[in-house]
Amino acid sequence: MPTENAAPGTLVSPPTRRVVQTIELLSRHPAEHLSLARIVRATGMSRATAHAVLSQLTADGWTLRDEDGNYGLGLGLMAVARRTESAFPLRRLALDAMRALSVAHGAPVFLAEREQHSIVVTEVIGTPSVPWIRPGRHIPLAPPVCREFVAWAPAADRAAWLAAADPAHRVRLEAVLEAIRTRGYSVERLADDSAPMLEALASLRHSPVTDPLRHRLNALITDLITIDYLPDELTDQNAVVSVAAPVFASDGTVIASIVACPDTNLTATQLVDLADATIAAAETVTGNRPA
């Protein structure tokens, strides 16, 4: 069965998935030790399977079992995590700027890094109101989202991204990409009070459904999204879920973005102030600016 982060058609290994599920669950409760029964309920594994997985992880030092028989993360996993950090330098380089941005504007901030055809949330400061924003979450590089990753892409890549969009939104998306290139940031907003419905539809989209149903779900999600703000659309009250500024590599490609998540109404001046601060934070990560 595909996982929520697996691309359609990707073959997965159930035994490996059980290990990942277990580590992910324990990592979401780092200060707790979880009982075997709780792990079984949360992962859907059988008791025997969960016990076998945890026994092996504990033998390897990735988890530990306390005197009450409950499980937590082990020091062996911490050692692996520390060695892994060297492969992801952006997170280390961005943390100070992200913390300063979050404190200065009283908003959660996250780092999204490009990984082939998707975007991965690699660091989160604070608690965003949108529950899917968590470390390790993959976001498909598909319209209408991730616009700050596409706005500076070569013309052929922008055209391919636009071609994958709902035809009803292509003209607006093209205008929005141009606006993002001009001002240096993207804005996410939702139409009316559609956030709960959007979350429900998004969760269904990552379920094992047929391609026609997945396309229909994508269309419904697109219909609920008001795509960004164009310059002449700003008013005294602008519903801003997030503001994202790109992080550039030395060759001018966008390799990541820093995203501030105020999730509130902002005046035009407040929005620009937050956007300027987010751009400044993104520029400190690599020191590169768009060509």
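Leaving aside its neighbours within four places in sequence, which residues is Thr43 in contact with?

Analyst: Thr43 is in contact with Gln21 and Leu25, once its neighbours within four places in sequence are left aside. Keep in mind that this is a predicted model.

Start with where Thr43 sits. Thr43 belongs to helix α2, which covers residues 36-43. Is Thr43 buried or exposed? Its relative accessibility is 13%. The cut-off for buried is under 20%, so Thr43 counts as buried.

Now follow its side chain. The side chain of Thr43 reaches the backbone oxygen of Ile39 at 2.8 Å. The side chain of Thr43 also reaches the backbone nitrogen of Met45, at 3.3 Å.

Next, step back to the two helices. Packed helices in general are described by the angle between their axes and the distance between the axes. Here the partner of α2 is helix α1, residues 14-27. The axes of α1 and α2 come within 10 Å. They cross at roughly 115°. Angles of 65 to 115 degrees count as roughly perpendicular, and α1 and α2 are therefore roughly perpendicular to each other. Their crossing is right-handed.

Which residues meet there? From α1 come Gln21, Leu25 and Leu26. From α2 come Ile39, Ala42 and Thr43. By class, this contact of α1 with α2 has 4 nonpolar residues, 2 polar ones and no charged ones.

That brings us back to Thr43. Its contacts Gln21 and Leu25 are among the α1 residues that meet α2. Ile39, whose backbone oxygen the Thr43 side chain reaches, is one of the α2 residues that meet α1.

Terms used: Residues numbered from 1 in each chain as written. Predicted model: local features only at pLDDT ≥ 70, side-chain atom pairs only at ≥ 80, totals over all residues. Heavy atoms only, no water. Axes fitted to C-alpha atoms, helices over the stretch in contact; angles between N-to-C directions. Helix = DSSP H or I, 4+ residues; strand = E, 2+ residues; numbered from the N terminus. Parallel < 35°, antiparallel > 145°, perpendicular 65-115°, else oblique. Left-handed = near helix turned anticlockwise from the far one by under 90°. Contact = heavy atoms within 4.5 Å. Nonpolar A, V, L, I, M, F, W, Y, C, P; charged D, E, K, R; others polar. Buried < 20%, exposed > 50% of the residue type's maximum accessible area, 1.4 Å probe, protein only. Polar contact = N/O pair within 3.5 Å; in protein donor to acceptor, adjacent residues only side chain to side chain.
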